[in-house]
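Work through the exercises below with the coordinates open, and compare each step with the solution that follows its task.

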Amino acid sequence: MDLKIAVLPGDGIGPEISTQGVNALQAVCDKFGHNVMFDFGIVGAAAIDAVGDPFPEKTYQLCRDSDAVFFSAVGDPKYDNNPSAKIRPEQGLLAMRKKLGLFANIRPVETFKCMLHKSPLKAEIIDGADFLCIRELTGGMYFGKKYESDAEAYDTNHYTRHEIERILKVAFEYASRRRRHLTVVDKANVLASSRLWRKVAQEMAVDYPEVVTDYMFVDNAAMKLIQDPRFFDVIVTENTFGDILTDEGSVISGSMGLLPSASTGSGTPVFEPIHGSWPEAKGKNIANPIAQILSGAMLLEYFNLTEEASLIRRAVKASLEAGFSTPDITGDRHHHSTSAVGQWIVEYIQRH
Ligand code: IPM
Ligand code: MN
């Protein structure tokens, strides 16, 4: 297969983990005889510094003309504590999602047996937890009408039936292919937008009789996620709730540095780690490359290259089992660098 991939390393630890992700993809494509081409683009603070735009037209063209985008992270502290900054790195990511029509963000939370003791939760609570959070990505408060002055400010949590239907369809289909349990997370006891979500979900549930659909308020879901994560199979929720719940979900596995994600919709799909740019670690070669490398596995699965993806997953698992990991997992002792972990995984791929 021929694959043309747009690589957007972005900010902070982005470039370091991006390199390891690219190396792993290259290794697996070499092994299976696929012809993969990587083209690099700028995004986020790096793009603001270079051309004054966090998602330049040239980067957009590159994404549009590629089969997939392999994205890392954006964000820089010089913007975080400056509420009056007009241009922000995060706008680059939001513009990319909107322009590429990526309304569905798939965030799988899985646990690794050898990592259970690393979780902030008790091993017996999380052992076997395995769920998907499907986050709506181009609507809600992120993109609704906004107003900002010194005296007042608002964001509008706007959703149309069309936007709700298309994301719920994705969720019902994932649930049908998995353990056939869908939890629709909303705040229908307070929010009008949530009531429309619930209404549409109830209408659609009739067409998926094989799926057990339940409804949960987001505050309750936040609690249930840490109390009984095995309850969940597929969660679907709006943009803002999904943002928050997936950060919560990501630490269940023991390190945020392990979880990949895929964003899909009408345009080129984007594959990216769920963690951010961790600016404090920039250039230190200590960030965990695994979320990025597993994003590569999700990318391959998107193109039905399941054997290839499974080799990446096996390599990652083997590295964790061998204890060959970055300090987020090993602590200060016996840790390995970002590039050493990436290299270990590449060599595993080459040998198996
Ligand atoms: C994420 C991130 C982004 C979001 C930021 C960087 C804009 O937190 O992908 O979850 O809020 O969607
Ligand atoms: Mn987030």
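**Exercise 1.** Determine how far apart the C-alpha centres of domain 1 and domain 2 lie, and describe the interface between the two domains.

*Solution.* The C-alpha centres of the two domains lie 25 Å apart, where domain 1 covers 1-102 + 260-352 and domain 2 covers 120-253, with bounds from an automatic or database domain assignment. This is a predicted model, in which local features need pLDDT of at least 70, side-chain atom pairs count only at pLDDT 80 or more, and totals for chains, interfaces and linings use all residues. Side-chain values use heavy atoms, without hydrogens and water, residues are numbered from 1 along each chain as written, and chains are lettered from A and ligands numbered from 1 in written order.

Next, take the buried area (the accessible area, with a 1.4 Å probe, that two parts lose on being put together, summed over both): it comes to about 700 Å², of which 66% is on carbon and sulfur atoms. Arg97, Lys98 and Ile274 supply 60% of the area that domain 1 buries against domain 2.

Finally, count salt bridges (a side-chain nitrogen of Lys or Arg within 4 Å of a carboxyl oxygen of Asp or Glu); between the domains there are zero.

**Exercise 2.** Give the strand order of the open sheet of 10 strands, and state which strands stand at its edges.

*Solution.* With strands taken as DSSP runs (E, at least two residues), numbered from the N terminus, and paired if DSSP finds at least two bridges between them, the order is β2-β1-β3-β12-β11-β4-β5-β10-β8-β9, with mixed pairing. β2 (35-40) and β9 (212-217) each have a single partner strand, so one side of each is left without a neighbour in the sheet.

Note on methods: Helices (H or I, at least four residues) and strands (E, at least two) are DSSP runs, numbered from the N terminus.
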